[in-house]
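Please keep the sequence and the 3D view open beside the text while reading.

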Amino acid sequence: MNLSRVLRAGLAAAVLAFAPIAAQAASVTMFAAASLTDALNDVGKAYKAKTGNDVVFSFAASSVLAKQIEASGGADLFMSADSDWMNYLDKKGLVQHDTRADLLGNHLVVVAPADQTVSLMVNGKFDFAGALHGGKLAVADPASVPAGKYAKASLTQLGAWNSVKDNLASAENVRAALAYVARGEAPLGIVYTTDALAEKKVHVVAILPDSTHAPIVYPAALVKDAKPEAKAFLAFLSSKQARAIFEKDGFILLGSK
């Protein structure tokens, strides 16, 4: 009898010991546009410090992440670099529509390697092809990736797309396009302002007018069947602390808190 009691007590203690570990393992997973990498990593650290809860991030092109959510899920939250891919999931009922909010904005810039002097005027005589000097323009895939789609729209509006479309270093996401320029593999690239600020090996040579492309908007939402804990992190993204991090990294803050 005494042995039985000891075994039962030991089993109960083991259950209690492992319960907190199981709870801690249920971290929230967020899929987010590659341009959010630095800011969201810092936001995640701030959230961890405040709540003790972890957020696991997966960064890639919004198009890739949306397709992954459609195919196999895997995320609790999604933050896109445009409305199109959020709309894509929303129409399929794969995100919780009532949680959706446009949180951030951005600008498009042309960057060059930091050690290169480039002169590029965005005006009626916008000679983008000439500025490349036979090199390639680094840009996120204009067929599907938001940064590339914005870039194509802007260059089309400026009358420069036809002169560069056959000389693209097309990248899987905007950070990959940034890396091409930072490594000197492309003389020019089109990225977001926030990307340019995050990379010391490039410098901005021109700002593409906001009027030449659709507004750059970052919507966030809970994914269908998200863990209950994800709601708290979504709310934190709009907190004063998180917004200060986004602003420091160069994002435009949308809405008011």
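The secondary structure of this chain, taken from a predicted model, comes to 11 helices and 11 strands. The chain has 257 residues, of which 48% count as buried, and among its contacts between residues at least 6 apart in sequence, 78% join residues at least 24 apart.

**Confidence of the model**

- The average pLDDT of the chain is 89, and 88% of the residues score at least 70.
- Over residues 1-25 the pLDDT stays under 50, and for this stretch the model has zero contacts beyond four places in sequence.

- Six strands make up an open sheet of mixed pairing, in the order 2-1-3-10-4-11. Strand 2 and strand 11 (252-253) are at the edges with a single partner strand each, so one side of each has no neighbour in the sheet.
- Strand 4 and strand 10 (residues 217-222) run antiparallel and are joined by four bridges; within this pairing, L104 stands opposite Y218 of strand 10.
- Helix 2 lies across strand 1 and strand 2, and its direction is at about 175° to that of strand 2.

- Six bridges connect strand 5 (residues 108-113) with strand 9 in the antiparallel sense, and L108 has L208 of strand 9 as its bridge partner.

**Nonpolar cores**

- The largest nonpolar core holds 74 residues, and L36, F128, Y218, F233 and F246 are those with the most contacts inside it. Helix 8 (residues 174-182) gives the most to this core, contributing six residues.
- Another core, of 13 residues, lies apart from the largest one and includes A60, I69, A75 and L89.
- When neighbours within four places in sequence are left aside, F246 is in contact with L36, A39, L40, V43, L104, L237, F251 and L253.

**Helix 3 and what covers it**

- In helix 3 (residues 62-72), the buried residues are S62, S63, L65, A66 and I69.
- The elements that cover these buried residues of helix 3 include strand 1 (28-33), strand 2 (55-60), strand 3, helix 4 and helix 6 (146-157).
- G73, which comes just after helix 3, takes a positive phi of about 70°.

**S80, a buried serine**

- S80 is located in the loop between strand 3 (77-79) and helix 4, and its relative accessible area is 0%, so S80 counts as buried.
- The side chain of S80 is joined to that of S62 by a polar contact of 3.5 Å.
- Not counting residues up to four places away in sequence, S80 touches A33, S62, W85, M86, V217, Y218 and P219.

**T37 in helix 2**

- T37 has its place in helix 2 (residues 37-51). Because its relative accessibility of 19% is under the 20% limit, T37 counts as buried.
- The backbone oxygen of A34 is reached by the side chain of T37 at 2.6 Å, while F59 and R175 are the residues in contact with T37 once neighbours within four places in sequence are left aside.

- T99 sits in the loop that runs between helix 4 (83-91) and strand 4 (101-105), where its side chain reaches the backbone oxygen of Q96 at 2.7 Å.
- Although T99 and A220 are 121 residues apart along the chain, their C-alpha atoms are separated by 8.0 Å.
- Leaving aside neighbours within four places in sequence, the contacts of T99 are with A220, A221, L222 and L234.

Methods: Residues are numbered from 1 along each chain as its sequence is written. This is a predicted model: local features need pLDDT of at least 70, side-chain atom pairs count only at pLDDT 80 or more; totals for chains, interfaces and linings use all residues. Side-chain values use heavy atoms; hydrogens and water are left out. A nonpolar core is a set of buried Ala, Val, Leu, Ile, Met, Phe, Trp, Tyr and Cys residues joined through side-chain atoms within 4.5 Å. Buried means under 20% relative accessible area, exposed over 50%, partly exposed in between (1.4 Å probe, protein chains only). Helices (H or I, at least four residues) and strands (E, at least two) are DSSP runs, numbered from the N terminus. Contact means heavy atoms within 4.5 Å. Two strands pair if DSSP finds at least two bridges between them. A polar contact is a pair of N or O atoms within 3.5 Å; within protein, one must be able to donate a hydrogen and the other to accept it, and residues adjacent in sequence count only if both atoms are side-chain atoms. pLDDT is the predictor's confidence in each residue, from 0 to 100. Axes are lines fitted to C-alpha atoms, for helices over the stretch in contact, and angles run from 0 to 180 degrees between N-to-C directions.
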